[in-house]
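Reader: I'm new to this one and I'd like to know what the labels rest on. Can we go through them together?

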Amino acid sequence: MAGAAAIGVDIGGTKVAAAVVNPTGAVLARARTATPHRTTAPAVVEQAIVDVVTQLRDEVGGQGIDVGAVGVGAAGFVSEDGEVIRFSPHLSWRDEPLRAELARRLGLPVVVDNDANAALWAESRFGAARGADDVVMVNLGTGLGGGVLRRGQLERGRFGMAGEFGHMCVVPDGLRCECGNRGCWEQYASGNALVREARALVEAGGGGSALVAFCAGTPAALTGPCVTQAARDGDPASVGLLQEVGTWLGRGLANVAAALDPGLFVIGGGVGDAGDLLLDPAREALARHLPGRGFRPMPQVVGARLGNDAGLIGAADLARRGRA
Ligand SMILES: [Zn+2]
């Protein structure tokens with residue numbers, strides 16, 4: 001099993017993506033399937049997973065490549081033992097026994113983990129966190145998610161829900177969050193936060209920003225990648241927006257460092273594509289807010305390397321090992 005290829009499946013809010021991955025983390029073949037809507041019955045989503053896995057298995061089987069296991073990284077709360085999806089904000093899963101159901105239908109060993117855990121595992125094995133044992137990954141996508149690697153092992157917590165940093169309070173009585181609380185970190189450091197501020201800027205007249213031209217004066221047309229592109233092209237207002245999000249990122253990282261003391265932070269997700277435009281302000285804010293600063297080593301802050309493939313590469317590697 002250890003030497004065989006495995007299939008990694010990444011189930012997010014907008015797609016099911018899958019790939020055949022070899023033991024060195026290289027993607028050999030890919031498939032993806034239509035968006036399962038959040039009201040779609042669990043059985044339909046499971047069928048979609050079975051279909052992409054079967055398709056890939058047939059495809060590489062013709063080339064003599066044997067698939068030994070299947071790993072699933074899912075956007076949701078996965079129970080500590082990997083058996084059950086407790087809840088997923090983007091899918092209709094409530095206490096869904098996904099692992100056993102897929103194993104039965106596929107006739108292969110299956111492991112299930114949280115998608116951020118899978119991405120962190122991939123970065124630690126093949127990407128930006130290679131060789132590091134105490135790592136925290138923070139993904140700035142729509143919201144803010146994360147994972148914890150402790151002495152080289154994924155730290156899932158007692159109930160499988162460790163690393164949900166996005167809902168730590170960073171601003172008492174701050175902006176309202178979907179979770180029901182106020183002032184959550186992801187209201188200030190996430191793709192949604194970046195887009196919200198960019199739209200507000202354009203609505204306020206734009207201050208001469210290139211973003212006004214980018215969205216033809218229609219704020220709702222603005223996306224995170226627009227802001228990153230405008231910042232790369234030198235638009236000072238867009239650089240400033242990324243600086244704000246980066247500064248909030250760094251302030252929150254200081255809180256995480258206070259709790260977990262990692263040696264390395266890996267920053268992924270769509271907003272992470274902005275690279276040092278985001279990471280430099282984050283490093284500065286972390287240095288300013290780190291408890292005991294000046295008397296302790298600074299954790300490093302680096303960008304993720306595996307991009308959108310991290311989740312499926314990590315899920316495949318976890319499957320090959322029977323979940324690390
Ligand atoms: Zn929240």
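Author: Helices (H or I, at least four residues) and strands (E, at least two) are DSSP runs, numbered from the N terminus. One example is α6, which is followed by Gly 234 with a positive phi near 95 degrees. Before we go on: this is a predicted model, where local features need pLDDT of at least 70 and side-chain atom pairs count only at pLDDT 80 or more, while totals for chains, interfaces and linings use all residues. Residues are numbered from 1 along each chain as its sequence is written, and side-chain values use heavy atoms, with hydrogens and water left out.

Reader: Which residues are the protein donors of the zinc ion?

Author: Donors are N, O and S atoms within 2.8 Å of the metal (3.2 Å for Na, K and Ca); water is not among the atoms, so sites may look incomplete. His 167 (ND1), Cys 177 (SG), Cys 179 (SG) and Cys 184 (SG) lie 2.0 to 2.3 Å from the zinc ion. Along the chain, their spacing reads H-x9-C-x1-C-x4-C.

Reader: What makes the arrangement of the 4 donor atoms tetrahedral?

Author: Four donors count as tetrahedral if all angles lie between 85 and 135 degrees. Around the zinc ion the angles are 104 to 119 degrees, so the arrangement is tetrahedral.

Reader: Is Cys 177 buried or exposed, and what does Cys 179 count as?

Author: Buried means under 20% relative accessible area, exposed over 50%, and partly exposed in between (1.4 Å probe, protein chains only). Cys 177 has 4% relative accessibility, so it counts as buried. Cys 179 has 39%, so it counts as partly exposed.

Reader: How do you know that Glu 123 has no salt bridge?

Author: That takes a side-chain nitrogen of Lys or Arg within 4 Å of a carboxyl oxygen of Asp or Glu. For the charges, Lys and Arg count as positive and Asp and Glu as negative; His and the chain ends are not counted. The nearest side chain of opposite charge to the buried Glu 123, Arg 305, is 6.3 Å away. Glu 123 itself lies in helix α3 (residues 115-126).

Reader: What is the largest nonpolar core made of?

Author: A nonpolar core is a set of buried Ala, Val, Leu, Ile, Met, Phe, Trp, Tyr and Cys residues joined through side-chain atoms within 4.5 Å. The largest has 39 residues, and among those with the most contacts inside it are Trp 185 and Phe 265. Helix α7 gives the most to this core, with 8 residues. A second, separate core has 31 residues, including Val 9 and Leu 98.

Technical notes:
Four donors count as tetrahedral if all angles lie between 85 and 135 degrees; four count as square planar and six as octahedral if opposite donors are over 155 degrees apart and all others between 65 and 115; anything else is irregular.
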